[in-house]
Amino acid sequence: MITRRLLLQASALPLLATAAPAATLKFVFSRPYDNPRTQWLIRVYRDVCTLSGLGFAYLDVPPRRATAMVLAGQADGELGRTFDYQDFHPGLIRLGEPNNVVNFCVYGAGPRARFAGLDKLRQLRQRCECRRGIQELEALLETHVDADDWSMIDDVGQGLRKLQLGRTDLYFDVQEAVDDYLAFRQCNGLPGTPAIRRLGTVLSTTGHCFLNRAHAARAPAMAAALARLKRDGTVARHLQQCLQAHQQRCRQAAPRL
């Protein structure tokens, strides 16, 4: 039995919801509920489901459980994973229309930070780190860096702070995750110096919603609905609103940090 919060989202497209939904799909995500990117995708897929004649529900579960719940049928879909995630989990169905572009980048701290390329990492013995659970980056570092010279951490803030303290030389993560963390310093308290610098992009792909295989027949209609919402500006508008709302919460919380 699922004991965590079940958050039912009211439709943002009430005029289209004239009939009872054929089914209600339960979604999870690999980021915390209050993350602005989580809030963005909740809004987007609430609208996608409405346009597809479906109900939408969001299950607030520990991020690490998200994929396992979809595979086990305890949830119907995961709001966002990268294109190749299906290679790791063939039991999932990828929506053909992407949510967004995903860039995997490398970061350093201070003016002397340098990234000479993946093929130089082993030779230079740079201390590298990535966030645990990003399988693309784990595979990349395993290929290009000796085991003693790379490690994993659990969250973006820890990785960036270790860079600033000189405990690592390079940090690898998803660009939007780092950009958001730097933009919301008022929330997280990351020092401004030494400055975090993006040194390069090591991989680019796209992010997609994935469904349990039982819902494969629903994927084409949902992908078409997402494409429509992107064309009319709804997806971009939802993202801007969620980022602005999070920024406002940071400003309100700043005096209490």
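In the predicted model, 15 salt bridges are present.

A salt bridge joins the side chains of arginine 31 and glutamate 176, with an N to O distance of 2.9 Å. The two residues belong to distant parts of the chain, 145 residues apart: arginine 31 is found in the loop between β2 (24–28) and α1 (36–51), whereas glutamate 176 is part of helix α7 (residues 175–183). Arginine 31 and glutamate 176 are both buried.

A salt bridge is also formed between glutamate 129 and lysine 162, whose closest N and O atoms are 2.7 Å apart. Because glutamate 129 is located in strand β7 (residues 128–131) and lysine 162 in helix α6 (residues 156–164), this pair ties together parts that are 33 residues apart in sequence. The relative accessible area of glutamate 129 is 0%, and the residue is therefore classed as buried, the cut-off being under 20%.

Helix α7 also contributes aspartate 179, which forms a salt bridge with arginine 198 at a separation of 4.0 Å between the closest N and O atoms. Arginine 198 lies in strand β10 (residues 196–212), so its pairing with aspartate 179 connects parts that are 19 residues apart in sequence. Arginine 198 has a relative accessibility of 46% and thus counts as partly exposed; aspartate 179, with a relative accessible area of 31%, is likewise partly exposed.

How values were computed:
Residues are numbered from 1 along each chain as its sequence is written. This is a predicted model: local features need pLDDT of at least 70, side-chain atom pairs count only at pLDDT 80 or more; totals for chains, interfaces and linings use all residues. Side-chain values use heavy atoms; hydrogens and water are left out. Helices (H or I, at least four residues) and strands (E, at least two) are DSSP runs, numbered from the N terminus. Buried means under 20% relative accessible area, exposed over 50%, partly exposed in between (1.4 Å probe, protein chains only).
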